[in-house]
Amino acid sequence: MNQPSRRQFLAVAGASAATTAAALALAACSSNPPAPGGGSTNANQSGAMKNFGVGTQFKATQPLTFSILMLSNPAYPYNANWLFFQDVKKMTNVSFNPTVVPYADYTTKMATLINAGQAPTIIPKTYPGQEDQFVAGGAILPVSDYVHLMPNFQDKVSKWNLQGDVDTLRQADGKYYLLPGLHQQVWVDYTMGVRTDLLDKYKIPTPGTVAQVEAMLTTLKSENPGHYPFSDRWNQPTPGGAFLQMMGNAYGTNAGWNYQSFNQGAYWDTSTSQFVFAASTPAYQQMVTVLNGWYNKGLIDPESFTQADAQALSKFTSGKSFAISENAQYVATDQKALPAGQTVGKIPVPLGPSGATVVGSRLENGMMISSKAVNSPNFEAMMQFIDWLWYSDAGQVFARWGVQGLTYTGSVADGTFQLEPNVDWSGLHPNATTKINVSYGFYNGVFSYGGSTQLLDTQFPPPELAFQKVMDTRTPLPVPPPAPLTTVQNQQATLTGTSLMDDVQAQTLNFILGKRPLSQWSQFQTELAGKNASQFVATYNNAYQSYNKKFG
């Protein structure tokens, strides 16, 4: 449920903690090193196409097999006979030799294999920040040295003006070690969901601002005395994660999941061109003050930020609450859980002092590549294959939606795309008997992420598409500049930042829920100073200045 983390892996999907698995690096190995400057030699070009470019269908000139770390999701368990694998082989002349790992063990298994020097060549489902721990050991490839072999990747970075986003992945040596999923625009999914049948009943217009959300909750409260209109879920690993992220967006600060994901509270202030401590800014205080006002009016359930997800959903579906944090996938399941005649829908992320802006990264989980790969005779062919499957328009449509005439009709490019009525993904066709990921292996999280807004829109039912159209009009706030930490700096920042983050999360809720008076805000700031907040931020500013001096 969490937003992908930019530099920290703590918020990634909840994977937890290996057995040794032999993994083939590539179809064959060679001792030939890459050409100076990150090029490739003739010895690295076996199987590669000579005229591979944007829009070219990749097909290896000989059969190739690449090893890959393969996540098996319990919702769509790995199946070696998936049509996805069969069609990849037909189209590209490439097969996989997978190391299959259950979802719950994926992150731990990944680290174990990499540290033991036994990792497969292609290591997908890696979130930005997860690669940091492997850079110093030399086990993963500095992929920035080889993106010249990837015309589709380069084209999208250029066409969508993504270089600044990609630069946030750079390490202290100026290189990046992760090939990220690329989105054309910031994809906003999480917001507040409300009982839309009650909005109709009480003639409440869909709110567009923070003040209008408060007015909506106030009306729901007055019409239903004794009820708390808003009762929230998704409190792991960050209490109030999605809700506070939404409110932080409105006030132009990082809060909730974004607080954790973006440097544990080191917030880039464009007005001063430096990092500041998010919880010490006037914007953060203003957000907390407004939410404390909501609580004092009885608009927020006191259990909102501590209760289990099931308890929150039970309150919502039984009519004890009327608003809850939502995303597109959960709207479909929550609607099924509601009694007949009741409906739920997402409201646009409310506007606040920051205006019609949106906070977020256009990078998604991507992949690492084992450093051993560069010595393979098939290295260039592998980079071309990755570029086609993960970054070309055709490869992205295939990985997501499968085979025209079998799983879908029409075309994404001309807007006529339609998922076949007997095929379902995430409630698009809730009565269909075939799930595209379970039965065929398409829309599998290992291979399908990123893409154009036009492609992204194909996955949405009409209400969600309307939400996305509103959010697409918002202006993304600038991403922070590169501030890669050295190993020593990272250890310092992690220790200090984790302690500060825990305190900020706890005290934020204490202020909101009235357990601590707002009159003690200055005292809270003194406490943060005592926990080395200024030194924590200085670490990022020093890293930014050092990087900018070398590479800026």
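Pro237 lies in the loop between helix H7 (210-223) and helix H8 (241-251); helices (H or I, at least four residues) and strands (E, at least two) are DSSP runs, numbered from the N terminus. The peptide bond that joins Gln236 and Pro237 is cis, with omega at about -5°. The model is predicted, so local features need pLDDT of at least 70 and side-chain atom pairs count only at pLDDT 80 or more, while totals for chains, interfaces and linings use all residues. Residues are numbered from 1 along each chain as its sequence is written, and side-chain values use heavy atoms, with hydrogens and water left out.

Two further backbone exceptions concern phi. Most residues other than glycine have a negative phi, and most peptide bonds are trans. Asn161, which is not a glycine, has a positive phi of about 55°. Asn161 is placed in the loop between helix H4 (151-159) and helix H5 (163-167). Its relative accessibility is 61%, so Asn161 counts as exposed; the classes are buried for under 20% relative accessible area, exposed for over 50% and partly exposed in between (1.4 Å probe, protein chains only). Gln264 also has a positive phi, near 50°, and is found in the loop between helix H9 (257-261) and S6. With a relative accessibility of 0%, Gln264 counts as buried.

Gly117 counts as partly exposed because its relative accessibility is 46%. The C-alpha atom of Gly117 is 9.9 Å from that of Ile140, a residue 23 positions away along the chain.

Helix H13 (residues 379-391) takes part in two of the helix contacts described here. It has 13 residues, and the distance from its first C-alpha to its last is 17 Å, close to the 18 Å expected at 1.5 Å a residue; the expected span is 1.5 Å times one less than the number of residues. Since 13 of the 13 residues of H13 are buried, this helix is largely enclosed by the rest of the structure. The axes of H13 and helix H14 (residues 393-401) come within 5 Å and cross at roughly 60°. Axes are lines fitted to C-alpha atoms, for helices over the stretch in contact, and angles run from 0 to 180 degrees between N-to-C directions. In this contact (heavy atoms within 4.5 Å), Trp388, Leu389, Trp390 and Tyr391 of H13 meet Asp393, Ala394, Gly395, Gln396, Phe398 and Ala399 of H14. Seven of these residues are nonpolar, two polar and one charged, where Ala, Val, Leu, Ile, Met, Phe, Trp, Tyr, Cys and Pro count as nonpolar, Asp, Glu, Lys and Arg as charged, and the others, Gly among them, as polar.

H4 also packs on H13, at an angle of about 45° and with the axes 7 Å apart. The two helices are therefore oblique to each other; angles under 35 degrees count as roughly parallel, over 145 as roughly antiparallel, 65 to 115 as roughly perpendicular and the rest as oblique. On the H4 side the contact involves Pro151, Asn152, Phe153 and Lys156, and on the H13 side Asp387, Trp388 and Tyr391. By class, four residues are nonpolar, one is polar and two are charged.

Helix H18 (residues 487-512) and helix H19 (residues 521-530) pack at about 170°, with an axis separation of 11 Å, and are therefore roughly antiparallel. H18 contributes Leu500, Asp503, Val504, Gln507 and Phe511, and H19 contributes Trp521, Phe524 and Leu528. The division is six nonpolar, one polar and one charged. H18 and H19, together with strand S6 (266-269) and strand S7 (274-277), are included in what covers the buried residues of H20. Those buried residues are Ala533, Phe536, Val537, Thr539, Tyr540, Asn541, Ala543, Tyr544 and Tyr547. Helix H20 (residues 533-551) has 19 residues, which at 1.5 Å a residue should span 27 Å, and its end C-alpha atoms are 27 Å apart, in agreement.

An open sheet is formed by three strands in the order S8-S5-S9, with antiparallel pairing; two strands pair if DSSP finds at least two bridges between them. Strand S8 (323-326) and strand S9 (344-346) are the edge strands, each pairing on one side only. From one strand to the next the twist averages 35°. Strand S5 (residues 191-195) is joined to S8 by four bridges, the two running antiparallel, and Thr191 stands opposite Glu326 in S8.
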